[in-house]
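Have the structure open and follow along.

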Amino acid sequence: MDSSEERAGCPARGTCPVFLAMSAGTVRYAPSGLCPALEGNLREEPWGTDSPPQPDQGLPPPLAAVPVPWKSTDPCQSHREFPGALVETSAGEEAQGQEGPAAAQLDVLRLRSSSMEIREKGSEFLKEELHRAQKELKLKDEECERLSKVREQLEQELEELTASLFEEAHKMVREANMKQAASEKQLKEARGKVDTVLFAEFQAWRESPTLDKTCPFLERVYREDVGPCLDFTMQELSVLVRAAVEDNTLTIEPVASQTLPAVKVAEVDCSSTNTCALSGLTRTCRHRIRLGDSKSHYYISPSSRARITAVCNFFTYIRYIQQGLVRQDAEPMFWEIMRLRKEMSLAKLGFFPQEA
């Protein structure tokens, strides 16, 4: 055996595990994984011709037949003894098999930890977003509530204002109706007091309005109101003033500061602002009159101005009627003329507004 091992070129005896089976012929079997020299040497030896046939030819005997375990310190460390090496290898593989699930379990734990961390961060983020959304929703709810209160207040104020306006409108209508009823009552009462002859004369004049003072209506007004109102002390100037009023050529203007030329009428100095040219009385004259296109001016007192103004207002109104500018019934026109006649009567008696 020693010579054959030396021929095989094995570095040392006992380097690789070998299972030997002794029979009539020498047979050596080296399993796969032995060193190549030994494996080739074993294949060179043939079966003995005189050995009986073995069961399972070409296969090694069972492991329990002749175990020859030993340890080797040779460089062939990758091939350990068999079957001890088999046990160790199985233990290593089992350890590796155990390390595999442990590493996988560790990876699973790491994934779970990372997943939990991500889930916690996501949960915190969602909580923050939810808190922010709840805060914004609360602010919006407060704003909506404020706007709702403002709207309710405006609606209430609008209702109150509408009710107040309706009440005021009804009050105005009621007052207007009361005034109209009172006016109609006064008109009815006045109709019973009015001279039917005077009203008949006005109706006749209204059918054919004219400025001819010979008609019955104007002749009465001239005689009772216009003549006495324009009858001043200075008769000569009074006639001129009456003619200018009838012709609508009389001008009344406030007194200016510049000096005006002096004009003598019936020995009265008309250039003085302290003497009335119509009455001849010493009065403060704030107005002056000019007749037609004349350059002469006459200073008049407030009383004289009120009398002239009352007559001018009457003639202005009857001219409007003549021109068709007054579109009313006969009764309102008549009562307006009566009012103007009343003003002429008061001015003739010396009653006039303070601004005159």
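V255 sits in the loop that links strand 3 to strand 4 (264–265). Keep in mind that this is a predicted model. Is V255 buried, partly exposed or exposed? Its relative accessibility is 27%, so V255 counts as partly exposed. Setting aside neighbours within four places in sequence, V255 is in contact with T273, C285, R286, H287, R288 and Y299. V255 also pairs up with H297 across the sequence: the two are 42 residues apart along the chain, while their C-alpha atoms are 9.9 Å apart in space.

Stepping back, the chain has eight helices and seven strands. Buried residues account for 25% of its 356 residues. If you take contacts between residues at least 6 apart in sequence, 63% of them join residues at least 24 apart.

**The nonpolar core**

The largest nonpolar core has 43 residues, and the members that touch the most others are V226, V241, I308 and F314. Several elements give two or more residues to this core: helix 4 (196–207), helix 5 (216–229), helix 6 (235–247), strand 6 (287–291), strand 7 (298–300), helix 7 (302–322) and helix 8 (330–348). Which of them gives the most? That would be helix 7, with eight residues. As for V241, its contacts beyond four places in sequence are L250, L278, I289, L291 and I308; I308 is itself one of the core members with the most partners.

**Helix 7 against helix 8**

Two packed helices are described by the angle between their axes and the distance between the axes. For helix 7 and helix 8, the angle is about 165° and the axes are 8 Å apart. An angle over 145 degrees counts as roughly antiparallel, so that is how helix 7 runs relative to helix 8. The crossing is left-handed. On the helix 7 side, the contact is made by A306, R307, A310, V311, N313, F314, Y317 and I321, and on the helix 8 side by M333, E336, I337, L340, E343, M344, A347 and K348. Sorted by class, this contact has 11 nonpolar, one polar and four charged residues. F314 turns up in this contact and also among the core residues that touch the most other members.

Not counting residues up to four places away, R341 touches L198, R220, V221, E224 and D225.

S279 belongs to the loop between strand 5 (268–269) and strand 6. With a relative accessible area of 17%, S279 is buried too. Beyond its sequence neighbours within four places, S279 is in contact with T233, S301 and S304.

Then there is N248, in the loop between helix 6 and strand 3 (250–254). Most residues other than glycine have a negative phi. N248 is not a glycine, yet its phi is positive, at about 60°. N248 counts as exposed because its relative accessibility is 53%.

Here are the accessibility values side by side:

| Residue | Relative accessibility | Class |
|---|---|---|
| S279 | 17% | buried |
| V255 | 27% | partly exposed |
| N248 | 53% | exposed |

Terms used
Residues are numbered from 1 along each chain as its sequence is written. This is a predicted model: local features need pLDDT of at least 70, side-chain atom pairs count only at pLDDT 80 or more; totals for chains, interfaces and linings use all residues. Side-chain values use heavy atoms; hydrogens and water are left out. A nonpolar core is a set of buried Ala, Val, Leu, Ile, Met, Phe, Trp, Tyr and Cys residues joined through side-chain atoms within 4.5 Å. Buried means under 20% relative accessible area, exposed over 50%, partly exposed in between (1.4 Å probe, protein chains only). Helices (H or I, at least four residues) and strands (E, at least two) are DSSP runs, numbered from the N terminus. Contact means heavy atoms within 4.5 Å. Axes are lines fitted to C-alpha atoms, for helices over the stretch in contact, and angles run from 0 to 180 degrees between N-to-C directions. Angles under 35 degrees count as roughly parallel, over 145 as roughly antiparallel, 65 to 115 as roughly perpendicular and the rest as oblique. A crossing is left-handed if the near helix is turned anticlockwise from the far one by less than a right angle, and right-handed if clockwise. Ala, Val, Leu, Ile, Met, Phe, Trp, Tyr, Cys and Pro count as nonpolar, Asp, Glu, Lys and Arg as charged, and the others, Gly among them, as polar.
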